[in-house]
Amino acid sequence: MGKVLVFVESSNGKIKRSAQELLTAAKKSGQSVTALVGGSQAQQLATECAQFGAQEVFVVKDSQFDQYNPELFTEMMSQAVAEIKPTVILASSSSLGKDLFPRVAAHLNTGVLSDCTELNLQGDDVTVKRPVYSGKAMAKMGFENSSVKIVLMRPNQLPIEAPQTSATAATKELSVKKTDLKTLIKEVVKGTSEKLDLTEANIIVSGGRGLKEAANFKLLNELADALGATVGASRAVVDAGWVSHGMQVGQTGKTVAPTLYIAVGISGAIQHLAGMSGAKVIVAINNDPNAPIFQKATYGIVGDLFDVVPKLTEEFKKALHH
Amino acid sequence: MKFFVCIKQVPDTETKIKIGSDTQSIDTTGIKWVMNPYDEYAVEESVKLRDSNPGSQVWVLSVGPKKRTVETLRTALAMGADEAIAVDAPENLDPYQTAKALAAVIQQEGGAKVIFTGKLAIDDNASCVSQMTAEFLKVPHTTVVSKFSLSAENILVERDVEGGAKEVVQMLAPAVVAANKGLNMPRYASLPGIMKAKKKVIKELDFAGLNTGASAKTKVLSLELPPEKPPVKMLQGDSSAQVSALVKALRDEAKVL
Ligand SMILES: Cc1cc2nc3c(=O)[nH]c(=O)nc-3n(C[C@H](O)[C@H](O)[C@H](O)COP(=O)(O)OP(=O)(O)OC[C@H]3O[C@@H](n4cnc5c(N)ncnc54)[C@H](O)[C@@H]3O)c2cc1C
Ligand SMILES: Nc1ncnc2c1ncn2[C@@H]1O[C@H](COP(=O)(O)O)[C@@H](O)[C@H]1O
């Protein structure tokens, strides 16, 4: 039987939804599940890890791990792997996960697969599906010559189960020492948005050149507020300087996989589609019935966005607050 | 002072992808190849850095089938790179093998002050090679970089993370810096640049000859086209009717609200 190590990320004192997804998947596989969580709140987070399926939790109670540093975290993973001896590591294909685990894999001379959208975990047999060629093909992939198989899952791809409030796990402490760091995080400049990041968001409202000018993004912000959504954008409006480039969806922006993506005044260029075709339901609002976005959409509205969007905001408010 | 840039040639973003008869790779007939878009930012940054550090040099490096990599290396030379190395290798190396080859060549050529890469190759979608190369070279790395500066021994970068936040990271050089969009505006190759690039000699190496001993750690079992979307449902009537039909459909049919 295999041993699955789940690397747990947290925010605001709670484990992230993506970690809940990974713990649930590990538990369902019927293998032994160990969670690893670091930072000054590690001890509190351990309880939550147990509730989602960890039988054992390694905590690194050290405020150094409140902030990601590739060197420090590579050292933590290296020690954790030596101690826990997992056959599989599951982590999120987040900013942190994508940066850290390829380095860890190289360090351990083992394989890693990033940005996976499907996971098949049966004993030592691990296969995944992941988009390649900007989502124009799906690759089924596996490992070879790998002592531990590292899988990075895109958030929002796996189901979670209700936490088992009575579950507990054995907690073990891991102390990680590393000096002579060549990497120093000098500062973290907060983003303007308090909302979930595009890559984690469940609902996204995205705007394009059809909005005519930067100030009109107000319409989208109102729509997003009614839905609890995160606002995204096409490259055209990012390059025009209307919104910041962290909001860009597409090939040279972010790849997103929400359950609902609403594209407003976006034509649907292939590079934009590359970033959002993984959305479960796509709504397109465009005044050109021939816009390519309609070929990818689930639902389409041909109309003037300045007329449609405010009405839609009101309709959502009614539907969601009654 | 030497700067290395690792560049990959990938199918043009507009290319239609067809699965090959082996079902494990794509059918490359008729594909237009271009420099990986993120690698353009890497080349641009290195050329700017070279220009502000007289006496320094930009070396570009690509691993892959020679007939293709030399094309993209010429593009980089035309953008202003000084020297180019093509490592002839089979099509299907995995990121681990690629990084082993890149690290071996960089080491063999005497190392570099900064190694620039792209944050992601848009064909394999791995975002692995930069960090792996850094690990094999035993140097620090930062990925998703949208701001860069170099002062004596230190590299100062900004890394884009979730929620529009930025991490300001200082690394002791040498280090690997993986470029994101926003780092700069890549220049177009000028005509004199293209003419000059044509005359340059590209140094050729062979993957097997590097003796990295690296075997692949991951493999493609099969490729498939993404599932076809059912046809779009267009909502009819005036805008009020369209909007209420949409909300109803999202709630009762798609069940996403
Ligand atoms: C290498 C490369 C990488 C790229 N990467 C990306 C990327 O990551 N993301 C990305 O988005 N693009 C990317 N692009 C750019 C892409 O090709 C398109 O240019 C861009 O997506 C277009 O943005 P848009 O849809 O907002 O603008 P447009 O194509 O101009 O579309 C505007 C749409 O708004 C509609 N419209 C206008 N007025 C109204 C109205 N009143 N009501 C309703 N609809 C209206 C129009 O019918 C039109 O369809 C990339 C391009 C290249 C070459
Ligand atoms: N075959 C290659 N030759 C040279 N550089 C490469 C190669 N593959 C990847 N790279 C570099 O590594 C970056 C990340 O690639 P990847 O990890 O494949 O997504 C690319 O943007 C390139 O800078």
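This briefing describes the interface between chain A and chain B in a predicted model. Local features are reported only at pLDDT of at least 70 and side-chain atom pairs only at pLDDT 80 or more, while totals for chains, interfaces and linings use all residues. Residues are numbered from 1 along each chain as its sequence is written, chains are lettered from A in the order in which they are written, and side-chain values use heavy atoms, with hydrogens and water left out.

**Extent of the interface**
- Counting contact as heavy atoms within 4.5 Å, the interface draws 92 residues from chain A and 83 residues from chain B.
- The two chains bury about 7,100 Å² between them, 55% of it on carbon and sulfur atoms, where buried area is the accessible area (1.4 Å probe) lost by two parts on being put together, summed over both.
- Of the area that chain A buries against chain B, 11% is supplied by A:Arg103, A:Tyr133 and A:Tyr299, more than by any other three residues.

**Charged contacts**
- The rule finds 5 salt bridges across the interface, each requiring a side-chain nitrogen of Lys or Arg within 4 Å of a carboxyl oxygen of Asp or Glu.
- A salt bridge joins the side chains of A:Glu144 and B:Lys219, with an N to O distance of 3.8 Å.

**Strand pairing between chains**
- Strand β10 (residues 137–143) of chain A pairs in the antiparallel sense with strand β12 (residues 218–224) of chain B over 6 bridges; strands are DSSP runs (E, at least two residues) numbered from the N terminus, and pairing requires at least two DSSP bridges.
- Within this pairing, A:Met138 has B:Glu224 in β12(B) as its bridge partner.

How values were computed
Helix = DSSP H or I, 4+ residues; strand = E, 2+ residues; numbered from the N terminus.
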